[in-house]
Amino acid sequence: MAKFLLLLVTLWSPTGVAQSRIAIIVHPESSFTDISRKQVVDIFMGRLLSLTNNRIPLPLDQQGGSPIRERFYEALTGRPLAQINAYWARLMFSGRATPPRMLPDSLSVLQAVSQNRDAIGYVEEDRVTPSVRVLFYLE
Amino acid sequence: MKTLTALLAACGLLATTTGQAEWNIDLGNQSRLRISGFGTLGLATSDQAHHALTRDIADQEGISSSSLPLSTDSRLGMQIDAVINPQWSATVQAVLKDRPAQTIEESLQWAFISYRPNANWQLRAGRVGLDMGLVSDQRNIGYSYLWVRPPIEFYGRLPLFHFNGGDVTYSFDIDDISLSIKAFAGEASPFYPSTPNYKIQIAPLWGGNVNLRWQDWHAQLSYVGTQLQSNHPGLQELQSNIQQLPDFLYPDAASLSSRYTLRGSQNHFLSAGLAYEGDPWRAQFEFGRLFHGNGFIADVYTAYATVGYRLGSVTPFIGYSTLWPANGRPEVPSPLPFPDLQAAAERPFAESYSNQETISLGGRWDFYNNLALKLQYDLVHVRNSDGIGLWRTDQDGVPQPKEFSNIFSATLDFVF
């Protein structure tokens, strides 16, 4: 019975549903080969410096309030979306940096990444296709 | 004001619906136009009827029990970023708010071209934000900070948001510490509050800062210097009235009148800030020293500290901010022969003098994507009531704000 209840709770709670991991993806011929987690944080938070090669990465974000965006920033930075939005409001509206380009869904991210060598994006693990290369996964 | 309120309401609605997609116009390749905006619908009132607390010295109405409760904190901004390629971009931002003049020129906050030849360098030219403290160039963007308004004792005396000129930033990393060094120079000519059509000519304006970031920590040292090029018409009149006094009536006329000048005077502002922005804790501290190179505005020290703790979507915070003179209040050395002239001669000292502190309690509730509701209570303590400082008054003569004032504020902040 306890097991059954546990299963029920797991199935019902929105976070308990077996969630796919989030894949950080780049173009198959991208020059970004071993990017660390910290570098991905830097890229998505508007700090490009820690990249050693001189190509400026083109980060691609997902739409504002989408669940995958929330999970991505929570997993990557440990911060809630509201704090990320406030962070970007500060950088963007003081004219210091422009936030990553926002695309409507994972499909458009896949498409854009497969077409641009400098692009870097994130999609659900099960959406990954051979047209892109996975750098690493976020739990 | 009515139009602004209607606009704000419309944009607030917009913020609730456009959390999902940014407004982008693709220009092919990597070029795009990004249209975005921000705003605040703010209500504020106090238990003071005759003295209004100002957000900064360019705030026209201030917060009192008799002022329009919407005027001080409400504002609306729109920004267009044209990203041409990773190196070149252009930004234009316009802001509507309560201020001395509502001209297009005044509304234009930023209008600059940015060039990033590589990851280390950034150059900006045009009208750029004045970076002289942790939040100086984001004061209009309520959504970006915890408080209803940046601590007035610190930022209230710094009404300059932008200048025309340019800045250059060099950034580099040492291990996991990010450092950046910025230098800027230009000129500015903001409207002087409460004097119709008078603009303060600031030329040159110069400065720089050093920023250090490590994990959730951010430290900044900054400096800005200004030189003023014109005198205020009221001060000019006072000067000539004092100069006309014959020697036998007032032997100090020459030295006294020479104190009432802004022209040629240099002001310097030095500050140090430290911020921790982790989760759930966040804290921010700044200390500053303002030097005025003229004979009537007292030099001041200023500091504030804020600590917040996130509980789900609500972040309560407490804050303390203070402003105190580095030396005593300047005064007229010996009584003038006419009471009217005496009062007029005392007024500039009193109007610019301040010595006060504020304790703030508040909370930010991020209740919806891109929307935040904030409530704040401020207890303002005026330590010396012989100066008006950050207050507006409807009374003539030397104003005396009440010793303790209670300020209540609520804002709805949004970005879209």
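Visitor: How are helices defined here, and which helix holds B:Ser107?
Guide: Helices are DSSP runs (H or I, at least four residues), strands are DSSP runs too (E, at least two), and both are numbered from the N terminus. This is a predicted model, where local features need pLDDT of at least 70 and side-chain atom pairs count only at pLDDT 80 or more. Residues are numbered from 1 along each chain as its sequence is written. B:Ser107 sits in residues 104-107 of chain B, helix α2.

Visitor: Is B:Ser107 buried or exposed?
Guide: Buried means under 20% relative accessible area, exposed over 50%, partly exposed in between (1.4 Å probe, protein chains only). B:Ser107 has 12% relative accessibility, so it counts as buried.

Visitor: Which residues is B:Ser107 in contact with, leaving aside its neighbours within four places in sequence?
Guide: Contact means heavy atoms within 4.5 Å. With those neighbours set aside, the partners are B:Gln93, B:Ala94, B:Val95 and B:Arg99.

Visitor: How many salt bridges does the rule find across the interface of chain B and chain A?
Guide: A salt bridge needs a side-chain nitrogen of Lys or Arg within 4 Å of a carboxyl oxygen of Asp or Glu. B:Asp216 and A:Arg79 form one at 2.6 Å, N to O. Across the interface of chain B and chain A, the count is four.

Visitor: Which element gives the most residues to the side of chain B that touches chain A?
Guide: Elements giving two or more residues to that side include β1 (23-26), β2 (32-46) and β16 (356-368) of chain B. With five residues, the top contributor is β2(B).

Definitions and conventions: Chains are lettered from A and ligands numbered from 1 in the order in which they are written. Side-chain values use heavy atoms; hydrogens and water are left out.
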